[in-house]
Every structure is written in structure tokens, then in C-alpha cells.
Amino acid sequence: MLNFTQKRKSVSRLLAPVALAVILAGCSSSPQQQANVADITAVAQQSSASYLIKAESSEGVTSINWHILALKALSKKVVGHKLTNKQCVYHACR
């Protein structure tokens with residue numbers, strides 16, 4: 001008579017369902033919110049003040065990215081000011 005108990009305790013038989021369960025659990029998890037991510041390659045859409053507020057509430061590389069976006073928004077505002085008004089207060093505009 002054949003002994004089937006050794007086949008039931010096989011690691012390869014247990015590994016496949018566990019791997020499948022882990023893969024399905026990873027796929028079913030919802031993605032994290034992307035609203036708090038600073039993309040420095042994007043065009044600054046908000047004011048520099050709003051970017052600075054986000055920079056103060058974050059830390060590390062994310063804070064640096066928010067500061068870069070604040071600089072982009074500020075430079076966009078200054079260039080827009082320079083183009084709309086012929087007079088400029090800054091020394092670089094003279």
C-alpha cells in the first residue's frame with residue numbers, strides 16, 4: 001500500500017497556496033493617497049505660501065521638494081509681475 005502522508009507534508013504543496021495568498025493580499029490593498037507627494041518636475045499650480053505650509057508640516061526630502069515647489073511658484077509670480085508691470089523694484093530687473 002502507498003504512503004500518502006509524506007506527500008501531504010511536503011513544503012512545495014504548502015508554499016504554493018501561501019505565495020498565492022500573499023500575492024492576492026498585495027494586489028487587493030488600496031493605493032496610498034498621492035495628494036501629499038511633492039512632484040518637483042510638475043508646474044507649480046498653487047501659491048508659494050501653500051507650498052511653504054506643506055513644507056513645514058513635512059520633514060526630510062519631502063520638505064525639500066515642497067520648498068523647491070514654493071520657489072518655482074514664487075519665481076512664476078515674479079516673472080509674471082515683471083511682464084505685466086514695466087517697473088520693477090528688484091535690482092535684477094533694472
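Mentor: Buried residues account for 13% of the 94 residues in the protein chain. The model is predicted, so local features need pLDDT of at least 70 and side-chain atom pairs count only at pLDDT 80 or more, while totals for chains, interfaces and linings use all residues. Residues are numbered from 1 along each chain as its sequence is written, and side-chain values use heavy atoms, with hydrogens and water left out.

Trainee: Why does Trp66 count as buried?

Mentor: Buried means under 20% relative accessible area, exposed over 50%, and partly exposed in between, with a 1.4 Å probe and protein chains only. Trp66 has 2% relative accessibility and therefore counts as buried.

Trainee: What elements does the protein chain have, and in what order do they run?

Mentor: The protein chain has 4 helices and 0 strands, and from the N terminus its elements run α-α-α-α. Helices (H or I, at least four residues) and strands (E, at least two) are DSSP runs, numbered from the N terminus. Trp66 lies in helix H4, and so does Ser63, the helix covering residues 61-84.

Trainee: Why does Ser63 count as buried, and which residues does Ser63 touch?

Mentor: The relative accessibility of Ser63 is 11%, so the residue counts as buried. Not counting residues up to four places away in sequence, Ser63 touches Ala55 and Ser58; contact means heavy atoms within 4.5 Å. Under that exclusion, Ala55 is in contact with Ser63, Trp66 and His67.

Trainee: Why does Asn65 count as buried, and with which residues is Asn65 in contact?

Mentor: Asn65, placed in helix H4, has 17% relative accessibility and therefore counts as buried. Leaving aside neighbours within four places in sequence, Asn65 is in contact with Ala38 and Ile40.

Trainee: Why does Ile40 count as partly exposed?

Mentor: Ile40 is found in the loop between helix H2 (11-28) and helix H3 (48-57). Its relative accessibility is 33%, so Ile40 counts as partly exposed.

Trainee: Which residues form a nonpolar patch with Ile40?

Mentor: Ile40, Ile64 and Ile68 form that patch on the surface, with about 230 Å² of accessible area together. Patches are made of residues with over 30% relative accessible area and no salt bridge, like charges being joined within 9 Å and nonpolar side chains (Val, Leu, Ile, Met, Phe, Trp, Tyr) within 5 Å. A salt bridge is a side-chain nitrogen of Lys or Arg within 4 Å of a carboxyl oxygen of Asp or Glu. Accessible areas come from the Shrake-Rupley method with a 1.4 Å probe; for residues, only the protein chains shown count as cover.

Trainee: Which residues of H3 are buried, and why do they line one face of the helix?

Mentor: They are Ser48, Tyr51 and Ala55. Seen down the axis of H3, these residues fall within an arc of 60°, so they line one face of the helix; the arc is that of the directions from the helix axis to the C-beta atoms. The face turned away from the buried side carries the exposed residues Ile53, Glu56 and Ser57.

Trainee: Which residues make up the largest nonpolar core?

Mentor: It has 8 residues: Ala38, Ala44, Tyr51, Ala55, Trp66, Leu69, Ala70 and Ala73. H3 and H4 each supply at least two residues of this core, and the largest share, 4 residues, comes from H4. A nonpolar core is a set of buried Ala, Val, Leu, Ile, Met, Phe, Trp, Tyr and Cys residues joined through side-chain atoms within 4.5 Å.
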